[in-house]
Amino acid sequence: MGDRERRVVFVTVGTTCFDALVKVVDSEELKQALLQKGYTDLLIQMGRGTYKPSKASGNSSLQVEHFTFSPSIADNIREASLVISHAGSGSIFETLRLGKPLIVVVNEDLMDNHQSELAEELAERNHLFCAHPQTLRENVEAMDLNALQPYVPGEAKPVVALINRFLGFPVD
């Protein structure tokens, strides 16, 4: 790659099976959209899924790698220029805490999907982009990373005091 700066897209499905997300990021259309946005590498954490992404990138020059699990994905997130994630709260907040641009893809196969509510609320506040597998390519093409607002975690003490008071514990 020479002098070209590496711009990694890290995809994570957590510990779940989310083949719909892995398949769409493995599509030539999405790889081309990522290349057009200036990304050079695609790293896919595929979890319990059965779909294996191709390491070849078709006509594109996008470098593609994948793995199933890792004890920690924090380093992958830290090294990424863009994260595409399932809607798990741990993955969302770890990515936002590290200040990385994030596209959350909602797994529509999950019943009673409260995770989509979290993703949609954070998208409304411009902390991340929210997509579905069938709209991910359009989201990548349309995304403006400058529109994202940094996520600032709230102060937990009032919530802790409220819970302690409710449980009958002494409040500091």
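Start by selecting asparagine 126, which sits in the loop between α5 (114–124) and β6 (129–131); helices (H or I, at least four residues) and strands (E, at least two) are DSSP runs, numbered from the N terminus. This is a predicted model, where local features need pLDDT of at least 70, side-chain atom pairs count only at pLDDT 80 or more, and totals for chains, interfaces and linings use all residues. Residues are numbered from 1 along each chain as its sequence is written, and side-chain values use heavy atoms, with hydrogens and water left out.

Check the backbone here: asparagine 126 isn't a glycine, yet has a positive phi of about 65°. At 38% relative accessibility it counts as partly exposed (buried is under 20% relative accessible area, exposed over 50%, partly exposed in between; 1.4 Å probe, protein chains only).

Next, grab strand β2, residues 41–45. Five of the five residues are buried, so β2 is largely enclosed by the rest of the structure. Asp41, Leu43 and Gln45 cover one side, Leu42 and Ile44 the other.

Click leucine 43: its partners are phenylalanine 10 and, in β3, glutamate 65.

Last stop: helix α2 (residues 28–36), where Leu30, Lys31, Ala33 and Leu34 are buried. Down the axis of α2, these fall within an arc of 160° (directions from the helix axis to the C-beta atoms), so they line one face. After α2, look for glycine 38, with a positive phi near 95°.

Key: Pairing = 2+ DSSP bridges.
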